[in-house]
Amino acid sequence: MKVRDVMSTRVVTIAPEAPILDAIQLMLENRISGLPVVDADGRLAGIVTEGDFLRRAETGTVRKRPRWLEILVGPNSLAGDYVRQHGRRVDEVMTRTPVTIGEDAELDEVVALMERKRVKRLPVVRDGRLVGIISRANLLHALATAVRDRPSATGGDAEIRQRVLDELARQPWAPIALIDVTVENGIVELRGSITESKQSEALKVCAENVPGVRGVVSHLTWIEPMSGLVISDPEPSTGGRSR
């Protein structure tokens, strides 16, 4: 799935020369936490977010540094802080080099960028011009659609069992040689031994997500490798689900 498939194309924007009050009101009225800043030619000039208004003179939240730290930071950085804390125009407080992405990018690139840069939204640009925005909410909508539109399963218990085995074989953490899988009326039963506590839950989740599985019953035994202690699965079954 690509960015263009899930991005919002109707984007609330603001001009660089707009007063910060306009930006604040737009964010409150539209219940959004950030605004792309777009110039008269439609080019992305920056982005302004709630975070840009956390340290403000009006609310008494300006950053206070010890004198010795101010000397280390230097006048240039201190002057920049003053502008952001007292500026009256959007272009005085905005981030001028926002993280952006293209409309042909894959969603895994979006998530990687959001995690690495610690941002909640990415302006989508084409030749420097804003064409959309993709946010965490867009990713949630994409996930909801994918879960809702999962293909229905065909075949009987033997085919379901083979699907479960094939899916387990693709997981590097799954102790396939120690696990036996049986299926009756769409209910998967897992038997065998595991050596890591998290494997039990992961095996059940893996089976639950196989098309056709109506529920999972676990009879797994956890063998603690250091002590050899045998512990039965503390959660022997999961609720049935239609697939």
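This report describes strands, nonpolar cores, pockets and selected loop residues of a predicted model.

Residues are numbered from 1 along each chain as its sequence is written, and side-chain values use heavy atoms, with hydrogens and water left out. Because the model is predicted, local features need pLDDT of at least 70 and side-chain atom pairs count only at pLDDT 80 or more, while totals for chains, interfaces and linings use all residues.

Helices (H or I, at least four residues) and strands (E, at least two) are DSSP runs, numbered from the N terminus. Accessibility is given as relative accessible area: buried means under 20%, exposed over 50%, and partly exposed in between (1.4 Å probe, protein chains only).

Strand E1 covers residues 34-38, and five of its five residues are buried, so the strand is largely enclosed by the rest of the structure. In a regular strand the side chains alternate between the two faces of the sheet. Both faces of E1 are covered, with Gly34, Pro36 and Val38 buried on one side and Leu35 and Val37 buried on the other.

Two strands pair if DSSP finds at least two bridges between them. E1 runs antiparallel to strand E2 (residues 44-49), and five bridges join the two. Within this pairing, Pro36 has Ile47 of E2 as its bridge partner, and Val37 stands opposite Gly46. Five residues lie between the strands of this hairpin, where Gly42 takes a positive phi near 80°.

Ser33 lies in the loop between helix H2 (20-30) and E1. With a relative accessible area of 18%, Ser33 is buried. Contact means heavy atoms within 4.5 Å. Not counting residues up to four places away in sequence, Ser33 touches Met27, Thr49, Glu50, Lys120 and Arg121.

Arg31 belongs to the loop between H2 and E1 and counts as exposed, at 79% relative accessibility. Gly51 is found in the loop between E2 and helix H3 (67-73); its relative accessible area of 44% makes Gly51 partly exposed. The C-alpha atoms of Gly51 and Gly34 are separated by 8.7 Å, although these residues are 17 apart along the chain.

Most residues other than glycine have a negative phi. Arg31, which is not a glycine, has a positive phi of about 55°. Asn185 likewise has a positive phi, near 55°. Asn185 lies in the loop between E5 and E6 and is exposed, with a relative accessible area of 55%.

**Nonpolar cores**

A nonpolar core is a set of buried Ala, Val, Leu, Ile, Met, Phe, Trp, Tyr and Cys residues joined through side-chain atoms within 4.5 Å. The largest has 17 residues, and those with the most contacts inside it are Val164, Ile179, Val181, Val188, Leu190, Leu203 and Val213. At least two residues of this core come from each of helix H8 (157-169), strand E5 (179-184), strand E6 (187-194), helix H9 (197-208) and strand E7 (215-223). Apart from this core lies another, of 15 residues, among them Val6, Ile101, Leu107 and Val131.

Val181 is in contact with Arg161, Val164, Leu165, Leu168, Val188, Glu189 and Leu190, leaving aside its neighbours within four places in sequence.

**Pockets**

On a 1 Å grid over the protein atoms alone, a pocket is an open set of points where a 1.4 Å probe fits, with protein on both sides within 12 Å along at least five of seven lines; lining residues have an atom within 4 Å of a point. Grid points are joined across faces, edges and corners, and a volume is the space filled by probe spheres set on the points.

| Largest pocket | About 320 Å³ | Ser8, Ile32, Arg121, Ile133 and Ser135 |

The largest pocket is lined by 16 residues. E1, strand E4 (129-135) and helix H7 (136-148) give two or more residues to this lining, and H7 gives the most, with three residues.

For the composition of the linings, Ala, Val, Leu, Ile, Met, Phe, Trp, Tyr, Cys and Pro count as nonpolar, Asp, Glu, Lys and Arg as charged, and the others, Gly among them, as polar. The lining of the largest pocket divides into six nonpolar, six polar and four charged residues. That of the second largest pocket divides into six nonpolar, three polar and five charged residues.
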